[in-house]
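Welcome, and please load the model in your viewer.

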Amino acid sequence: MNSACAVIGTKEAGSVPYLIKDRENGIIYSSGDVDALYDSVSGVLDAPAEQARLGKAAYQTISDEWNPDIATERLFSVCKVILGGGDINTLFSSGPCSPG
């Protein structure tokens with residue numbers, strides 16, 4: 001994603017459900033579904049404009065939301081809320097420290 005590549009990942013892989021929004025910044029398929037994987041890869045290869053759009057969106061996801069600075073700021077926010085007895089599940093809807 002940081003290299004602005006179109007990402008195709010199985011929804012069962014660790015970070016895929018958190019990082020990829022299907023057809024927005026990558027493509028998600030079900031593990032073991034070889035036909036879906038083939039269709040996803042061939043679809044991206046056959047559509048360079050879509051490949052570029054997905055790659056750009058993937059890069060923006062990493063650079064604008066999933067980066068060390070934001071993760072650090074959010075961790076501090078979560079710690080403050082926990083220490084204050086608050087509910088951390090409502091702090092962030094996506095990105096680092098979101099409920100997922």
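**Before you start.** This is a predicted model, in which local features need pLDDT of at least 70 and side-chain atom pairs count only at pLDDT 80 or more, while totals for chains, interfaces and linings use all residues. Residues are numbered from 1 along each chain as its sequence is written, and side-chain values use heavy atoms, with hydrogens and water left out.

**Select everything.** Along the principal axes, the C-alpha atoms fill a box of roughly 50 × 25 × 15 Å. The radius of gyration is 16 Å, whereas a compact globule of 100 residues would have one near 13 Å; this radius is taken over C-alpha atoms, and the globule rule is 2.2 Å times the number of residues to the power 0.38. Of the 100 residues, 30% count as buried, where buried means under 20% relative accessible area, exposed over 50%, and partly exposed in between (1.4 Å probe, protein chains only).

**Select Met1, Val7, Val16, Leu19, Ile20, Ala58 and Ile62.** These seven residues form the largest nonpolar core. Both α1 (16-19) and α3 (48-64) supply at least two residues of this core. Such a core is a set of buried Ala, Val, Leu, Ile, Met, Phe, Trp, Tyr and Cys residues joined through side-chain atoms within 4.5 Å.

Now centre on Val7. What is Val7 in contact with, leaving aside its neighbours within four places in sequence? The partners are Met1, Ile20, Gly26, Ile27 and Ala58, with contact meaning heavy atoms within 4.5 Å.

**Select 48-64, helix α3.** Its 17 residues reach 24 Å from first C-alpha to last, close to the 24 Å expected at 1.5 Å a residue; the expected span is 1.5 Å times one less than the number of residues. Colour Leu54, Gly55, Ala57, Ala58, Thr61 and Ile62, the buried residues of α3. Looking down the axis of α3, you will see these buried residues fall within an arc of 165°, so they line one face of the helix. That arc is taken from the directions from the helix axis to the C-beta atoms. What covers them includes α1, β2 (27-29) and α2 (34-46). Turn to the other side of α3 for the exposed Pro48, Ala49, Lys56 and Asp64.

**Select 68-83, helix α4.** This helix has 16 residues and reaches 22 Å, close to the 22 Å expected. Ile70, Arg74, Val78 and Val81 are buried in α4. Down the axis of α4, its buried residues fall within an arc of 70°, so they line one face of the helix. What covers the buried residues of α4 includes α3. On the other side of α4, exposed residues include Glu73, Phe76 and Lys80.

**Finish at the ends of α4.** Show the side chain of Asn67, which caps the N-terminal end: one of its side-chain oxygens lies 3.0 Å from the backbone nitrogen of Asp69. Pro68 lies in α4 and counts as exposed, at 63% relative accessibility. Last, click on Gly85, which follows α4 and has a positive phi, near 80°.

Note on methods
Helices (H or I, at least four residues) and strands (E, at least two) are DSSP runs, numbered from the N terminus. A polar contact is a pair of N or O atoms within 3.5 Å; within protein, one must be able to donate a hydrogen and the other to accept it, and residues adjacent in sequence count only if both atoms are side-chain atoms.
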